[in-house]
Structures are given as C-alpha cells and as structure tokens.
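Dear colleague,

Please find the sequence and structure below. My notes on the strands and the nonpolar core follow.

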Amino acid sequence: MKLGVVLRAERLIRGEGIQRTRLVTPYGPVDRIFSGDVHGTETHFLYGRFPGQRTPSWEIPYEANQSAFDALGVDHIIGTFVVGGVDKEVRGGDLIIPHDLVSLAGPRASLPPLSGRFSNAHVIPSFCPVLRRLLIRGAEEAGIRVHQSGVYFSFYGFARIETLAELELMERLGARLVGQTMDPEFTLARQRHRHYAAIAVAIDSYHDMKNETETDPEVFRARSRQAIADGRRQFEEIIEAGLATRGADGPEDCACAQVAKGRHRDMFASFPEDLL
Ligand SMILES: [Zn+2]
C-alpha cells in the first residue's frame, strides 16, 4: 500500500524522516506534499486540496492533485472532509466514516487514461472496505467516537451553502452528511483504480441550525473553527493508530481491487460506445 492522505496533518508531517515533496504536474505545481514512512506504510500527505488561498470548490486543482499521486505511485487514498451534518444522528463536532456517496451533478474534470483507452470508473463498492476498516479500527484504538457509516451528499458548483429545502431533501434521500469537495476527487481517484475512503468532521448540524436562528454568527464561527481544529487532530490520531495496527487487517484483498482486474471491468464502459 502506498497511501495518499489529503489532510493538513500538522503533527504527522513533523515526524522523523518526513520530507516535503514538490512536484510539477501537467496540470500545475503541487508543492505541499509531505512524504515518509508512518508505522511501516509509505505515506504522502497532501497538505490541503487548496494551493494556499481558499478558493471556490470548482477551482480546487483536482487533476493536479491526482496527477501528483500518479507520479508518487499512490494506490490508496484517504480523503478528509469538513462537512455539514444532515441526519438527526449527527451533531456539530461529530466524526463520520461514510460508506457511500451521492453525486448527482459535478464538474467536468477528467484525466487522460493511463492505458490509452477511456473507460468509466467502476465504483461498486465506492469506498475501500480495507481502508474503511483501517479508519474504524484506528478510531477504536484511539478512543475516538465516530459514526461508522453514512451517505455523503455532494453539493457542488455553487458559492453558497445549502438552502433549508435542499437539506430537507437530502435528509429525505437518506444522506447523513453534505459537502462540496469529495467529487471529482473520488471519481478521478477511482479512474486511476485507486482504493479510496473518507473521514469527515461535521461543523454544524441541519437539525441544530433549524433551532438556532438567534445564535450570534460569531459564536457559530468560533464553534466551527474549533470543530475543524479538533477534527483534524482526531483525523491524525485515527490514521496513525490505524496504520500502527495495520497487521490486524489480514489480507488486503478487497472488492475494489477485484473490480479493477475483474473480467467485467469494461462492461459498463463499453455499452455507450458500442450501442449509441
Ligand atoms: Zn480497496
């Protein structure tokens, strides 16, 4: 496993033997990668999706980030996310390890196929069971409470958060969390046959927001900042504990690896080309 982790891992990147890597990809420079060994696993921390200044989600250099992972030979990715809680179980500050995602619309972002022929990515299962086990076990080892499942709803392409009607719709559709940044990262990674899993921290909750119209925005902002800081620290603890006990996982064969090699890998991709 060569692991890529999208996280501002303030503590782990200061570990012994971790080196900063600067890459120039066909899509631009990616100069905030920190690489080294974490408990026996070659790990590359991408220090945030944004190259410095915060930008709208559609300006995140997703292709450059994945192209950098290409150059590093990364085959497994853990994405970390700041999200909103949608269902009643999730409160501000909660951590969630989603088991699936919904992306009903998204950006036009793609990478040229490595094999010369385009095919749609296979995404069943969407998230890697081995990486999910690593995260769940890491949370248990670190004594950090997480929601071990949930559907992430991608809300993408608007410079605003969701309306109450949109949140209500997402809840009715069974989503547990909502965010703006998982896709196209997920899709591009799966086009490269990478194993992918995610962990998220909720900075707020739809159900709390509904009852807090009087709350001072400064109070809300301070609480969100604290949730993000706490979440990032906990992500580091969970990932480190998961990697430290990786031997407990057993064989790393998983369904997502089989999909990439399986007999039917081109089945879905070939239909549109051959029939339309
Ligand atoms: Zn997998």
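Which residues of the largest nonpolar core touch the most other members? They are Phe45, Val86, Leu177, Ile199 and Ala200, in a core of 65 residues. Strand S10 (residues 195-205) contributes the most to this core, namely eight residues.

The model is predicted, and local features need pLDDT of at least 70, side-chain atom pairs count only at pLDDT 80 or more, and totals for chains, interfaces and linings use all residues. Residue numbers start from 1 along each chain as its sequence is written. A nonpolar core is a set of buried Ala, Val, Leu, Ile, Met, Phe, Trp, Tyr and Cys residues joined through C-beta atoms within 7 Å. A residue is buried if 20 or more other C-beta atoms lie within 10 Å of its own, exposed if 12 or fewer, and partly exposed in between, with C-beta atoms placed from the backbone. Strands are DSSP runs (E, at least two residues), numbered from the N terminus. Two strands pair if DSSP finds at least two bridges between them, and two residues are in contact if their C-beta atoms, placed from the backbone, lie within 7 Å.

Strand pairing

Strand S1 (residues 2-6) is mostly covered, with four of its five residues buried. S1 runs parallel to S4, to which five bridges join it; here Val5 has Phe45 as its bridge partner. S1 also pairs in the parallel sense with strand S5 (residues 76-85), over four bridges, and Leu3 stands opposite His76.

Strands S2 (residues 19-25) and S3 (residues 28-38) are antiparallel and joined by six bridges. A hairpin of two residues connects S2 to S3, and Leu23 stands opposite Val30. S3 in turn pairs with strand S4 (residues 41-46), antiparallel and over six bridges, with Ile33 opposite Leu46. The hairpin between S3 and S4 also has two residues between the strands, and His39 in this turn has a positive phi of about 50°.

Val178 lies in strand S9 (residues 177-179). Val178 counts as buried because 24 C-beta neighbours lie inside 10 Å. Val178 and Ala202 are 24 residues apart in sequence and 8.8 Å apart in space, C-alpha to C-alpha.

Yours sincerely
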